[in-house]
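Please find below a note on the two-chain model under review.

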Amino acid sequence: MAVEAAQAGLNAPAEATPSSWSMFFWRLRRNPKAMIGGGIVAMLLFVAVFANLLAPKDPTIGELSDSLAPPGQSYLLGADKSGRDVLSRLIFGTRSAVGGALLVVLISELIGVPLGIWAAYRGGVLDEAVTRFWDMLLAFPPLLLAFAVVAAFGPGLFKSALALGILYVPFTARVARSVTLVQKEMTYTEAARAMGYGHGRIVFRHILPNCLSPVIVVSSLDIAYAMLDLAALSFLGLGVQPPLPDWGTMLAEGQQVLLTAPHVALSSGLAIVLAVLGFNLLGDGLRDVLDPRQGQR
Amino acid sequence: MARLIVTRLLTLIPMMFLITTVVFFLVHLIPGDPARLMVGGAHITPANLENIRKAYRLDRPLPEQYGLWVSDLLHGNLGKSYRQRTDVRTLILDRLPITMKLSVFSFIISLAIAVPLGIISAARRNSWLDVGATIFALLGASSPVFFTAILLILIFSFRLQWLPSIGAGDGGWDEFVHLLLPSLTLGISLAAITTRITRSAMVEALTQDYIETARAKGLASRSIVLKHALRNALVPIVTVAGLQFGFLIVGAVLVEQTFGLGGLGSLLIQAVQVRDYPVVQGATIFIAALFILINLGVDVLYGVIDPRVRYGGRA
């Protein structure tokens, strides 16, 4: 998926001239996937930022007498086993879900983009060695290695996000590398070199800006993957630790009371699906917009 | 063909080396004394602690421990569990059959859903069925497998009361019945991506010139789709299905935990939770090796399907 996205980016308008920007937004507005996905993502970000204003109750304190209360007047989405308001926990859970996934992707970009550009720009044996190394890592499900990391360093959102971020590096690095390989051979890069510009200027002025759009497309899809991986870790009790509100832990708690109070598992599960769907749609939409040839399919 | 297999086998060596090294050092560089961890909070005399260190070779320098561990590994010895006082190999082999059954059933279910669905939606583009398949693929890819599991439990176990929702049963038919829901869960999750790939590979194949020719010759639509287009769409389908089979094992970890199946995945997760390092190491490396071997199998399968792979180098 990342490769398709990278290819998409290669055909993208490179320079950020006003006309290409307005063209980009014009196409974006006409793409239903991007608009729906973008809407969901914007809503998630809004909820995450203003969680303390939006949540009707305290997400960590519950009334034991209201344990497993069904959805109704006092609890819009019902209460969990400890009598905590499910809606408030969902709202605050947006923070660890979106924040954690953003952290994963940010870490992978901060390491992966420079690494990919560097490998492709230098080329030769170094490129070969680095590519071989991450090809091996790519063949591997990140979640499996994340289990080993958690075994070693203990559970927690920050630790699992850090581990996943590092394990995602090859995905980002590969995209940056493939863009750089193309840009390196472009006539304007050659011209810049002929004019005696240093490597720094060539990389920052010519190559890095061209990496941006494919990296953004891949990031959106990677955020979706990261959300699923983080939710899985929390579901297994290896990520966010109770009583902190998190969709994955809520789902695990909900499974234990599934027969009597399915609302706990259903609402947290649907929250995960909606959020992942949002980033998936946005990523797909952006890819269509940046590469119309693929979009027609 | 033989050359292809041999070269692919050779690339496994550095890969396995990398994985074993990473896993070993990850688990051994952690702060804290593993010997103390093993006894938990229990009181213990320094002499006994020393004995444990000796028994598990924790008194040797790290490089030596690593060397001994790799040499054990090459002899098929994965060490002893800290908690269960059993060989890790025995633990893994005991748990393996259920995981393998789950993986194979799910894989078959995923193909049984994805391939027909992908073919039909490519052949009848923009029909209601195509739209439905697209929505299915999108939702399937966005739903964590453990949530799909919970939805299916709610429907098939609680509402309809058709299938059991927990445990692996007592062997034979009972085990099969217990595995149906977990396999369906994992099968649906995998089918989401395979449907998408099948559809786009078929759309690509159906727009080629030879399809026009076949139509012009007056061949039946069914034969065009199934004989001419499908064969050419097979390479991407096999690629993705093969990769899926590897990721299936990770999905199996989650599904086993949700359905309380007690397979390899549950073994790994429980070991992570109680920090039983030899088991974590052993299970991770075992799953990794399985994963790599499956990828190898897929590569060889390409050679069978696509003669170009057999003769030319792969890009």
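The numbered points below take these topics in turn.

1. Basis of the note. This is a predicted model, in which local features need pLDDT of at least 70 and side-chain atom pairs count only at pLDDT 80 or more, while totals for chains, interfaces and linings use all residues. Residues are numbered from 1 along each chain as its sequence is written, and chains are lettered from A and ligands numbered from 1 in the order in which they are written.

2. Overall confidence. The model scores ipTM 0.81 and pTM 0.83. For the individual chains the score is pLDDT (the predictor's confidence in each residue, from 0 to 100). Chain A has a mean pLDDT of 81, with 89% of its residues at 70 or more. Chain B averages 80, and 91% of its residues score at least 70.

3. Confidence within chain A. Two stretches call for caution. Over residues 1–15 of chain A pLDDT stays under 50, and the model has 38 contacts beyond four places in sequence for them. Over residues 293–297 of chain A pLDDT also stays under 50, and here the model has 7 such contacts. A contact is counted if the C-beta atoms of two residues, placed from the backbone, lie within 7 Å.

4. Secondary structure. Chain A comes to 14 helices and 0 strands, and chain B has 13 helices and 0 strands. These elements are DSSP runs, numbered from the N terminus (helices: H or I, at least four residues; strands: E, at least two).

5. In chain A, buried residues make up 51% of the 297 residues; in chain B, 37% of the 315 residues count as buried. A residue is buried if 20 or more other C-beta atoms lie within 10 Å of its own, exposed if 12 or fewer, and partly exposed in between, with C-beta atoms placed from the backbone. Of the contacts in chain A between residues at least 6 apart in sequence, 73% join residues at least 24 apart. For chain B the corresponding share is 73%. The C-alpha trace of chain B spans about 85 × 55 × 35 Å along its principal axes.

6. Packing of α12(A) with α13(A). Helix α12 (residues 247–256) of chain A packs against helix α13 (residues 262–290) of chain A at an angle of about 150 degrees, and their axes are 8 Å apart. Axes are lines fitted to C-alpha atoms, for helices over the stretch in contact, and angles run from 0 to 180 degrees between N-to-C directions. The two helices are therefore roughly antiparallel to each other (under 35 degrees is roughly parallel, over 145 roughly antiparallel, 65 to 115 roughly perpendicular and the rest oblique). Residues making this contact include A:Trp247, A:Met250 and A:Leu251 of α12(A), and A:Val264, A:Ala265 and A:Ile272 of α13(A). By class, the contact has 7 nonpolar, 4 polar and 1 charged residues. Ala, Val, Leu, Ile, Met, Phe, Trp, Tyr, Cys and Pro count as nonpolar, Asp, Glu, Lys and Arg as charged, and the others, Gly among them, as polar.

7. Packing of α5(A) with α6(A). The axes of helix α5 (residues 86–122) of chain A and helix α6 (residues 124–138) of chain A come within 7 Å and cross at roughly 140 degrees. These helices are therefore oblique to each other. Among the contacting residues are A:Leu115 and A:Arg122 of α5(A), with A:Asp127 and A:Val130 of α6(A). This contact has 5 nonpolar, 2 polar and 2 charged residues.

8. Contact between the chains. The contact takes 37 residues from chain B and 32 residues from chain A. On the side of chain B, α12(B) gives the most, with 7 residues. That side has 28 nonpolar, 8 polar and 1 charged residues.

9. Local features of chain B. B:Asn126 has a positive phi of about 65 degrees although it is not a glycine. Its place is in the loop between α5 (88–123) and α6 of chain B, and B:Asn126 is exposed, with 9 other C-beta atoms within 10 Å. Of the 8 residues of helix α9 (residues 209–216) of chain B, the number buried is 0, so this helix lies largely in the open. B:Gly218, which follows α9(B), has a positive phi near 85 degrees.
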